[in-house]
Each structure stands twice: as structure tokens, then as C-alpha cells.
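Welcome! Please have a look at the structure before reading on.

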Amino acid sequence: SLVSGEAMGNAFRQHPGPAIYAPNQTPVTDDLLEVGLLVAFGMIGFSFLLIIPGIRSWERLWATIRVFVTLFIGASILVSNFGFGWYTDKICTRTQYKANVNPPDSPQEIQAVVGLLIGLRGINITLNEVDCGLSSTPYVRPFPGEKILYTEQFFWSNPWSQGRFGFGRYAGRFSQTFQADEFRGTPYPILWVAEYFTFDGEGLRWGRKFRQAGWYTHIFMWLAFALYLVSILLFVNTIHHGALLMLYMGLVLCLAVFTYGNVILNGVNNSIKMKIPFQDGVIDPQFGWSWWLTLATGVFSVIASVFILILNATRPDLTAVFFHHTYVIDEEFVPSAIEESAEDGGPLLRTRSNRKTKTLRRTRINRGTTRKNPDPFSIALKDVSQAA
């Protein structure tokens, strides 16, 4: 006979009942927004890889360079804009885990890596329990049943206003979040680091200055991204104007880096430099990967755009091949007599292009490019026009 559903559900159970599993609380170790941006650009790059076999000869290499350089610049701008890597530092130290529970040097003191990651819109504080090797004896975890791995974010954006001093209803977003984390029971090292950004008096205005630096810098980053999108559209039609927009984009990125460094160095470090002490060292933030990535992208864009402008002015035929444009000598209308001569058995002049050859009347002109010295192609065109 068939076994009933109830009997099957109660099989191998001492106390039959519904299965109840304990919650599996996993820490957030990566910024989901950064991962999402990288995945989005990665999907575009992967989609391009699928169509590479359909591109002919050398155009396959030029198209690959164009697409991946474009994706790299766009990803660098967005990831740096939303990333927490503008001003960073970390330290491996001994510290108490819970506030007002265990005194220093007690058996419940933990060894952990405390990291501070400052972005344009807030900060990210990490706490990861590891064996720092600070004692002669092996490190014994004081909380064996708990995995200490925290990542807490505190924002001062949306709104960007500083708010009133304190932690009341009219205080800024950062201060209100800090007070909520105190009531929630956030680990003591995280609160210790975040508290330094709530000071707003005398020379202790670190949170205000980092917020100002983030405000001005994120405006330049959005401007650079807008120029990046427009430059892509212009490169399709005119190489000269696309390179100009790329040059402006690189200069804006360099200006964003300079603005952030100027506000931080002249506003924060010239008053009282922010150093967060711990038992075994000091957190002393320096410029992080987002700052250096933005600087590298800006410098690369400036150098590449200047090179394209110079090459386009001297050898437009080479830039036309690289950007998949058709190169012509001038923008004059070609008489129909040339085509008529072809019908009579005469030569039919065609454009020099990496695509299928087309008559001069049907080519897409690379405007803004000229060639001072005539070449055999222009001489032949003139001879045929005179003969017609």
C-alpha cells in the first residue's frame, strides 16, 4: 500500500513537526552598488566578446580596443563616484568588542582588523576578527560561538546638509545614524571610529570637511560622466569633436581629484589632522584607490585625446581606419561624370575604407579633417574630373 503524505513527512523524526531552521545571518563584505556597476559593465563587455568573430580582419582589433577602453573609462567614473575608497586606512589591533562590558586587557578583548573607508557620500567601517600575532601565546577567541565580521556604513548625503550640532531630530543624517547604531548595539570599535565624524566644533570639524569635499567632487564626477556619454556619440560622426569632449572629460576628472585633495588637505589636515588611536596603533587615512583611479583615468583621457587630435590633424587616414570612418580628401560633391565614365569602361574611383568600397557620392565624410599634401588618390581624382 502507498505511504500517506503525513507518514512520509514524519519519517526519521523523533518529534514530528514542521522543520524550523535558525536564521543564517551572513555579513555584507562587499558594496552591492559597486558590484552591480561592475557587473553591468562586465555584461556589456561579455556581449561584445560574443560578436567579435563576426568582425573582419584588423577591424576586430581596433573595435576591441575602442570598446574596452570606453568601458574602462565609464566604469572607473561610476565606481569611483559611488565607491568608498577616496581616503582609507586600516589597523590590526587589540580592542574591546562591547562597550562598557570588559575593561582593557581582559580575557574578552579581541584582536581584529579595523578599517576606515571614506567615500564621497559617507564612510564604511569594517571590523574583522583575526589573529594579529600581538601576543606570544596563541590567540583564543573570547566569543567562540560568534563570528565577528562587520561592515557598517554611515552616510552624510541625501540630504547633504550638515544639520544642527548634536543628535536630535534636526541633526544631520550622519549624527542620527550614529545615535541609532548606539541604541542598536553596534560593536564598540565601529562606534569609536564613527564618533570622530560627529564632532563639529573648534578645530574638530572632520565630518563637515569630508562632507564638503564629497559634495564638490561628486558634482565634477557627474559632469565627467555626462561628457563621457556625449564624447561616445561624437566619436561616431566626428573624430575631432569627440576627442575634444574626451579632453574636457579628462580635465574635469583631474579637477575633481584636485578639489577633493585641496579641501581635505587644506581643510582637515591644516587644523588638526584626524588620527584615530587604538591600543596597538593609529588609523591615519591616506588617499585610497578611488582617488588614484580617478586621477589615472583623467590623465589617461587627457593624453589619449591630445594624441588623437594631433594624429587626426596630421594623418586623418589613420584615425579614420581606427574609428571605422571613411576618409575622403575634401567634402566636395563628386560629379556624376565619374560614374558615367565607369559605365563606358573607364575607371571608377572608390573610397579608401576598411568597409566595402563605395562610390565617393555615398561615403560618410569624416568632417573636421583635412590633408595638406596631395596624395596619388587626390591627383587621380583631379585628372578624371578634368577629363570629364
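Helix α3 gives the largest share of the lining of the largest pocket, eight residues. This is a predicted model, in which local features need pLDDT of at least 70 and side-chain atom pairs count only at pLDDT 80 or more, while totals for chains, interfaces and linings use all residues. Residues are numbered from 1 along each chain as its sequence is written, and side-chain values use heavy atoms, with hydrogens and water left out.

**Pocket and cavities**

A pocket here is an open set of points on a 1 Å grid over the protein atoms alone, with protein on both sides within 12 Å along at least five of seven lines; a cavity is a set of points where a 1.4 Å probe fits but cannot get out, and lining residues have an atom within 4 Å of a point. Points are joined across faces, edges and corners, and a volume is the space filled by probe spheres set on them. Helices (H or I, at least four residues) and strands (E, at least two) are DSSP runs, numbered from the N terminus.

The largest pocket holds about 750 Å³ of space, and R66, T70, F235, F322 and F323 are the closest to its centre among its 28 lining residues. At least two lining residues each come from α3 (59-82), α6, α7 (239-269), α8 and α9 (316-322).

The whole structure has two cavities of 30 Å³ or more, and the largest cavity contains about 170 Å³ of space. Of the 18 residues lining the largest cavity, Q162, G172, F174, S175 and F197 lie nearest its centre. Two or more lining residues come from each of α4 (173-184) and α6 (206-237).

The table sorts both linings by class: Ala, Val, Leu, Ile, Met, Phe, Trp, Tyr, Cys and Pro count as nonpolar, Asp, Glu, Lys and Arg as charged, and the others, Gly among them, as polar.

| Lining | Residues by class |
|---|---|
| Largest pocket | 20 nonpolar, five polar, three charged residues |
| Largest cavity | five nonpolar, eight polar, five charged residues |

**The disulfide**

Which cysteines does a disulfide join? C92 and C132 are the pair, with S to S 1.7 Å; the rule asks for cysteine sulfur atoms within 2.5 Å. C92 sits in strand β1 (residues 87-95) and C132 in the loop between β3 (122-129) and β4 (149-155), 40 residues apart. The disulfide is left-handed because the torsion about the S-S bond of C92 and C132 is about -90 degrees.
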